[in-house]
Amino acid sequence: MALIEIRNLAKAFGTVKAVDGVTLDIGSGEFITLLGPSGSGKTTVLRMIAGFEDPDAGSISLDGEDITHLPPFDRDVNTVFQDYALFPHMTIQENVEYGLRTRKVPKVERAKQALEAIASVKLEHTADRLPHQLSGGQRQRIALARALVLRPRVLLLDEPLGALDRQLREEMQIELKKIQRDAGITFIFVTHDQEEAMRMSDRIVVFNEGRVEQVGTPQDVYNKPATRFVAGFLGAANILSGEDAKKAFGKLKTVSIRPERMRLQPGNSKISSDESSVSAVVQEAAFVGANTVYIVETEFGFRLNVSKTNTELLVQDKSFAAGDRVLVVWHNSQAAEIPA
Ligand code: ATP
């Protein structure tokens, strides 16, 4: 049985259907990410799980108990928000102890648990400081410690890394994942950052306009997108349909193929029997460090993006330039048919 069962959940604000019939099972100990563009309903789903928002329809159960309309403090879930409001006049340790104090945990035990939680986010040395004496990233980690100390079954995290710069964000992604794994807590994580979602999650739930487009492992949603929206939202994709798909792939379906799953060869070269190709002319070649990204115009008039990983420093650069005639080549297994 799933730890959390969400059934046909719906919530409207005036005429806006923020959440429009969401059904989802979340397993115990799972790191699951709600991913989607701004306004797609992720936060509203999270707030309904937390109890801050009352659903118009549908149900949420936790460990078999219907919690749909319970107040937040009667649910074994905790939330970490992006604007990690710590109490400014309390020390870090007092901030982390606060929840335990309201639960009437005795003083010595409280201090012990708080210090353990602070250690778990590697900030032991800050226990006696005030929040303004910490950096943004450190305050974020303390907000996390404050939630973890209460040992909730489920931790809800709404863009918790949104305010951090790139390097710190990537460090925290690794740290968070490790804390989640070690503590065995179920994490429900909201982000609009595709790479962050793929890096951290056991499964990703892709949202669009209040609905779930696809649920799956990072590999599933990237390699086998269920809808055109998912194909376009997670990473770059060449999506062809109608006559264009028929010319390139021989079928009148919608087909998606990733830029890195295609390669360029000289225009008059050969391909193997399990590959396909189209002739094209390079329009643009952009060096972006790890990759070179080509935009080519095919013999059929549509354009494709092709990406080549720059695995070595070429003494003599043999890559293609604008105006070159090329073959765009792909292995037949790399073209993903999109069902919806
Ligand atoms: P973001 O990534 O920008 O936070 P989101 O996917 O989390 O977006 P939600 O915050 O769930 O999206 O919002 C879904 C829709 O509901 C949006 O159109 C939003 O404007 C609307 N909405 C959310 N909360 C309210 C509210 N309290 N009052 C009115 N409209 C709201």
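**Strand pairing and domain contact**

I began with strand β12 (residues 255-257), which pairs with β18 in the antiparallel sense over two bridges. The model I am reading is a predicted one. For one of these residues I noted the partner: Val255 is bridged to Glu337 in β18.

I then looked up the sheet around this pair. It is an open sheet of three strands in the order β11-β12-β18, with antiparallel pairing. β11 (238-240) and β18 (336-337) are the edge strands, each pairing on one side only.

Next I turned to β15 and β16. Strand β15 (residues 291-298) runs antiparallel to strand β16 (residues 303-309), and seven bridges join them. Within this pairing I found Val293 opposite Ser307 in β16.

The chain is divided into domain 1, residues 4-233, and domain 2, residues 256-337. Taken over C-alpha atoms, the centres of domain 1 and domain 2 are 40 Å apart. Five residues from domain 1 and five residues from domain 2 take part in the contact.

How much area do domain 1 and domain 2 bury between them? I read about 450 Å², with 34% of it on carbon and sulfur atoms. Which three residues supply more than any other three of the area that domain 1 buries against domain 2? They are Tyr222, Asn223 and Ala231, which supply 82% of it.

I looked for polar links next. Between domain 1 and domain 2 I count zero salt bridges, but four residue pairs are in polar contact, with both residues at pLDDT 80 or more. Helix α7 (residues 218-223) gives three residues, the largest share of the side of domain 1 that touches domain 2. By class, that side of domain 1 has four nonpolar residues, one polar residue and no charged residues.

How values were computed: Residues numbered from 1 in each chain as written. Predicted model: local features only at pLDDT ≥ 70, side-chain atom pairs only at ≥ 80, totals over all residues. Heavy atoms only, no water. Domains from an automatic or database assignment. Contact = heavy atoms within 4.5 Å. Buried area = accessible area lost by both parts, 1.4 Å probe. Salt bridge = Lys/Arg side-chain N within 4 Å of Asp/Glu carboxyl O. Polar contact = N/O pair within 3.5 Å; in protein donor to acceptor, adjacent residues only side chain to side chain. Helix = DSSP H or I, 4+ residues; strand = E, 2+ residues; numbered from the N terminus. Nonpolar A, V, L, I, M, F, W, Y, C, P; charged D, E, K, R; others polar. Pairing = 2+ DSSP bridges.
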